[in-house]
Structures are given as structure tokens and as C-alpha cells.
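Have a look at the model first, then read on.

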Amino acid sequence: MSLENTPFWEVIRSSFSAAIWKEVGPAVWDTVYMTVVSSIIMFIIGLAFGIILIWTDKGGIRATPIINGPFGWFINILRSLPQMIMIIIMIPVARSIFGQSYGTNPCIVAIAASCIPMYARMVESSLLEVEKGKIDAARSLGSTDLDIVFRVWIPEAIPSLIRGFTVTVIGIISMTALAGMFGAGGIGDIAVRYGYQRFQHDKLLACIYVLIVIVQLTQSAGNLLSDHVRKKRGLM
Amino acid sequence: MGDYIEIHDLNKTFQTRSGPLQVLNGIDLSVQKGEIFGIIGFSGAGKSTLARCVNGLEKPDQGRILVDGKDVTSLSKKQMREERRHIGMVFQNFNLFESKTVYENIAYSLRIRHEKKDLLDQKVKEVAELVGLSEKLSSYPGGLSGGQKQRVGIARALIGEPDVLISDEATSALDPQTTLQILDLLKSINKEKGITILMITHELDAIKYSCDRMAVLEGGKIIEQGKVVDIFHNPHSRTGELFTKVFFQFQNDEFQSGAGI
Ligand SMILES: Nc1ncnc2c1ncn2[C@@H]1O[C@H](COP(=O)(O)OP(=O)(O)O)[C@@H](O)[C@H]1O
Ligand SMILES: [Mg+2]
């Protein structure tokens, strides 16, 4: 059903019909799957990168400009690549890992690669927000460098880390839609194949609903979790 | 009673955007075992820098700091970590770990040393009792008053059984009544445990209330040191004079406004 020959409200009504959702429904799971797996990969590697950045920073554990400089550059370069280009670059990488360059799993590699640098910077800025005095206190109590990072620095930053993670996960959701164009399946795939190529605007609308709901749920979950931690700590 | 902390010709210069900034310019100081020694100076005089040098948070450019005969400026990183067990530090803005309960804040230095659980538990409860926080162990610092926060800070430093406690403006963020309670606590810790206290402050009241001897820090140097009473009644330095002048003026003002009623 296209907006070009059908009244708007008819398209809307059709976008809630069972026939449409039979097709959109399974795609939701593809999108959720891609989002969850990419987010987990991004979380682990992004956190590690963020820790490297802060460890070697001037105000960090041990100022090491010789690592911090180039590593910062590397992350900036990755960040300056548009997501579409990142997907194209990751095609050969994905092929070497999965033996194919099309489909959900290869696109997960591209999505994670694209979001890791952004999350690394978020981790860095969250950690930099932690008051230096707490690090001094931890040192004065005899902490090793590892104690400081894992017992003080990261735990103190958790509410802020959660908020940053939420923002990047939402970035991942929008990128799964883009990855749909490269055979990743999911909501983006439906939106492009039917909404763009075949003018089936009812399906496109259904995709939009799904994206709105997923993004809202993610944001609310992130806010709830971060607020919960802050409440527990008596900070709000 | 010998010298417990000896500082000789301590120098520290920071490289800042606007060029080198010499903060400590040949500090000489000696603190005896078991005393409460006050260091007073205006804000920016270099008090915190001096404190940070003593427990190795800052590396001096030149000079020696002997704590119990050991030169802390020449220790390796690992040795310094060991040495810090003997040097507790309390901060103006508490610097508590907001992610941890009061219990875990106090337990911190034992946790990182992987102390046995029941011994740790026993010690935490003991120290909490001492500072009057037994009821608050499961709270988070975020929900405590300033005075309670500083008690946590003190307990956290005490649990490692230090020989010396550096108090860097520990009461400067507190109201007068709470200040008095915290000073009383420090005094009783000094008395009962024999812990030497280096009390750094810009409040002459605090020093007059707690210290036996004191030093005046100005322009990166110790320009005066001796018994608190002597410096009070006969200050030789500009800072010393200014401080005592302000101090006595406040007292007079209070008296006059009281008399006016
Ligand atoms: N890490 C640092 N880098 C540059 N300047 C510093 C640093 N730490 C302290 N200073 C400067 O040294 C001077 C003394 O600071 P501080 O020791 O904190 O004084 P106080 O505790 O007596 O108020 C101040 O002018 C401060 O700006
Ligand atoms: Mg200071």
C-alpha cells in the first residue's frame, strides 16, 4: 500500500494489519539480535580501549604520550569514517572471519567496529569525570594501579558509563537499519526493500513504529538503571 | 620522643602553562613521634603539596623526607605502597568512594591486601565504633552529613593502623560545631593510639585547639616553627602576625557585639 495512491489514514490502518506484522515481526528479532550482539562486543572492546586511553592519559595512571597520542589518533580516524564506509571496509574482514561478507553476523562486525571508537571516547570522558581526589585517596591507601582502575575508577563512573552506553546502543540500533541494505536483515532490510524499492509505505510505517519503540525502551532502561544506581548511592 | 618526620630542604616546582611555579622552596621541618603538629598557611601557600610529598603522591624535585628514619623520596613504587600503610591521609573534601558502602570504604585498604574475611570484619567494626559510625555501616557516603563523611575518611585511614595521620584541611569544609567534634576525635586518636598527626589547616582555631607545636608556611618556606603558645603571643613572621591578628580581632568583635546587646 503506497501513500501515492491510498489515503494516509488507510495506510496507517494497514500498517497495523496482521499481514504486515507477519513479515515485520521476525525482522524485529533480527534487529534485536544484531543490536544485542554488537552492543556486547562494543561494550567489551570499547571499555578496554577507554581504559587504555585513560591509563596513558596525562591525568591518568601513568602518563604515556607515546601510546596515548597514536592511540587517540587511531580512534579519531575510525570515528571520522561514516558508518556506511565502515561497513564497506569491514566486508573483507567479515569474509575472512565468517567466510561470507553478507548477512547478519558479518554486519555485526561492521557495526561493532564502527561504534567501538565512539564508545571508547565516552568511556574516557566518563572516567575523566571522576574526581581526582578519589584517585589520590585510593593511592594513599596503598592501591596498585589495577586496584585503582577496577576498584575505584570504573565503579565510581558507573552511572555515567551506563548513560554513555545507552546513547551508543541507540546509535547501534540506527546503524542496524543501515546494515539492512547490506544483507543484514532486520527492520532496516524491510524498510529498504519494501518501503523504498516497492513503495509499500504501510510496511515502512510498521518499521518506524518498531524503531521508535526499541529506541524508547533502550533509553528508558538506561535511565532507570543509571537512576537506580544513583539512588542507591544516595546521590539523588 | 625523637623526630618522627624529618624534612630537609624540600623543593617542588610545577611546570605550568605560564612557566615554572616554585611551590616549595626549601622546607625544613621536624615532627616528633606522638605529637599533633600544626602547619598553617594561606590558601595556595603549598600546604597540600607538602602533604602530598610526604605520602608520595607527589615527587619532590629535591630534598629528603624521612618518616621513621626511612627516606620516602627514594622508595620504589612498590616500597612506597608498603610505606603508605604507615601514613594515613584525610582530605578536605573527604574523597570517599561513592560506589561503596561505609563498610566497604572503611574496609578498602584491607580488601586490596586480601585480608581474611573475619579479621577484616572485626577490624571494620572496631574502627567504626571508634569513630562513632557503627549504625551507618550499610549506608552509602552520599547520604551522610559532612561530619559523618569525615568520620568515614578518618576510619578508612585508621584501619591500616598507620603511625602517622596527615590531615589536609580535614575540618575546613565543616561547620564550627562539627569541626570541634572532628578535632576531638583526632585528639582522642592521637592520645589513645599514639598516632602522630600532621594537621594542615588555614584555621588558627583548629591548631590552637589541638596542637602542641606548629609551623607557619609562607612563600614555599617554613618561616616560623615552635610551640603554639609562643607563636600566638609573639609571632615573628608576617603570616603568623596576620593570622594571630585576625584571630584576636574576631574574638574582640564577638565580645563587642555581645556587649552591645
Ligand atoms: N599539579 C599541579 N600543577 C600545577 N600547579 C599546582 C599543582 N598542584 C598545586 N599547584 C599550585 O601550587 C600552589 C600551591 O598549591 P597547594 O599546595 O594546593 O596550596 P594549599 O594547599 O596551601 O592551598 C598553587 O598555586 C597551586 O595552583
Ligand atoms: Mg590545600
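A disulfide here means a pair of cysteine sulfur atoms within 2.5 Å. Going by that cut-off, a search of the whole structure turns up zero disulfides over all chains. Keep in mind that this is a predicted model.

**Cysteines in chain B**
- B:C53 is buried, at a relative accessible area of 2%.
- B:C211 counts as buried too, with 10% relative accessibility, because the cut-off for buried is under 20%.

- The residues around ligand 1 include B:F14, B:T16, B:L21, B:V23 and B:F42.
- The run B:S43, B:G44, B:A45, B:G46, B:K47, B:S48 and B:T49 is also part of that shell.
- Sorted by class, the shell has six polar, five nonpolar and one charged residues.

**Polar contacts to ligand 1**
- A polar side-chain atom of B:T49 sits 2.5 Å from an oxygen atom of ligand 1.

**Cover and secondary structure**
- On its own, ligand 1 has 560 Å² of accessible area, and the protein covers 61% of that.
- In chain B, β1 (3-16), β2 (19-32) and α1 (47-54) are the elements that give two or more residues to the shell around ligand 1.
- Which element gives the largest share of that shell? That's α1(B), with three residues.

Methods. Residues numbered from 1 in each chain as written. Chains lettered and ligands numbered in written order. Predicted model: local features only at pLDDT ≥ 70, side-chain atom pairs only at ≥ 80, totals over all residues. Heavy atoms only, no water. Near = heavy atom within 4 Å. Polar contact = N/O pair within 3.5 Å; in protein donor to acceptor, adjacent residues only side chain to side chain. Areas by Shrake-Rupley, 256 points an atom, 1.4 Å probe, with all protein chains shown as cover. Helix = DSSP H or I, 4+ residues; strand = E, 2+ residues; numbered from the N terminus. Nonpolar A, V, L, I, M, F, W, Y, C, P; charged D, E, K, R; others polar. Buried < 20%, exposed > 50% of the residue type's maximum accessible area, 1.4 Å probe, protein only.
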